[in-house]
Amino acid sequence: GKDITDGHTDFYARFLEPGKVVAGYEPDPSYEDHAVTKEHIKILKKATDWEGRRLDVVVLSATGWVRPKFESNDFAAGYIGYYVCNGAVIMQEFGDEAADE
């Protein structure tokens with residue numbers, strides 16, 4: 001209950017296709033979601049699909065920088081909250097050129 005999303009699943013993991021999941025990772029140990037994302041990745045790497053096959057887990061790190069006008073202790077800057085439509089992927093970018101790429 002400390003961030004603005006209250007831990008929405010689309011900040012932590014999204015299925016890309018059967019058996020393949022992208023998992024969000026917060027690399028900054030000082031941020032409260034660091035331990036949570038590490039635990040989620042650990043759980044997903046041990047998980048299996050309905051046929052008993054291990055999931056293919058793609059880890060996507062959060063950005064280390066957000067445009068100053070959006071900086072806030074309540075702002076969760078993750079890349080997992082994308083939207084797929086009409087052959088396109090609409091997703092956020094935060095002004096961190098390397099991470100946004």
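Which residues make up the largest nonpolar core?

1. **The core.** This is a predicted model. Its largest nonpolar core has six residues in all. They are Val21, Ala23, Ile41, Leu44, Leu55 and Val57. Two elements give two or more residues to this core: β2 and α1 (33-46).

2. Ile41 is then in contact with Ala23, Gly24, Tyr25 and Val59.

3. **The fold.** The chain has two helices and five strands. Read from the N terminus, the order of the elements is β-β-α-β-β-β-α. The chain has 101 residues, and 30% of them count as buried.

4. **Salt bridges: the count.** Side chains of opposite charge can pair when their charged atoms come close. How many salt bridges are there here? The count comes to three. They are taken in turn below.

5. **Asp56 and Lys20.** The side chains of these two residues, Asp56 and Lys20, meet in a salt bridge, at 4.0 Å from N to O. Asp56 lies in strand β3 and Lys20 in strand β2, so the pair ties together parts that are 36 residues apart in sequence. Asp56 is partly exposed, at a relative accessible area of 40%. Lys20 is also partly exposed, with a value of 26%.

6. **Arg53 and its partners.** Arg53 takes part in two pairings. With Asp49 it forms a salt bridge in which the closest N and O atoms are 2.8 Å apart. With Glu51 the side chain of Arg53 meets in a salt bridge at 3.0 Å, N to O.

7. **Buried or exposed?** Glu51 is partly exposed, with a relative accessible area of 45%. Asp49 counts as buried, at 14% relative accessibility. Buried means under 20%, so Asp49 falls within that class.

8. Rolling a probe the size of a water molecule over the atoms shows where empty space is left. A search of the whole structure finds one cavity of 30 Å³ or more. The volume of the largest cavity is about 40 Å³.

9. **What lines the cavity.** Which residues line the largest cavity? The lining is made of Phe11, Gly24, Tyr25, Glu26, Thr37, Leu60, Ser61, Ala62, Gly78, Tyr79 and Ile80. By class, it has six nonpolar, four polar and one charged residues. Strands β2 (20-25) and β3 (56-61) each supply at least two residues of this lining.

10. **Links between the points.** Some names come up more than once. Gly24 and Tyr25 are in contact with Ile41, and both also line the largest cavity. Strand β2 gives two or more residues to the core, and it supplies at least two residues of the cavity lining. Strand β2 also holds Lys20, and strand β3 holds Asp56.

Terms used: Residues are numbered from 1 along each chain as its sequence is written. This is a predicted model: local features need pLDDT of at least 70, side-chain atom pairs count only at pLDDT 80 or more; totals for chains, interfaces and linings use all residues. Side-chain values use heavy atoms; hydrogens and water are left out. On a 1 Å grid over the protein atoms alone, a cavity is a set of points where a 1.4 Å probe fits but cannot get out, and a pocket is an open set with protein on both sides within 12 Å along at least five of seven lines; lining residues have an atom within 4 Å of a point. Grid points are joined across faces, edges and corners, and a volume is the space filled by probe spheres set on the points. Helices (H or I, at least four residues) and strands (E, at least two) are DSSP runs, numbered from the N terminus. Ala, Val, Leu, Ile, Met, Phe, Trp, Tyr, Cys and Pro count as nonpolar, Asp, Glu, Lys and Arg as charged, and the others, Gly among them, as polar. Buried means under 20% relative accessible area, exposed over 50%, partly exposed in between (1.4 Å probe, protein chains only). A nonpolar core is a set of buried Ala, Val, Leu, Ile, Met, Phe, Trp, Tyr and Cys residues joined through side-chain atoms within 4.5 Å. Contact means heavy atoms within 4.5 Å. Lists of a residue's contacts leave out its neighbours within four places in sequence.
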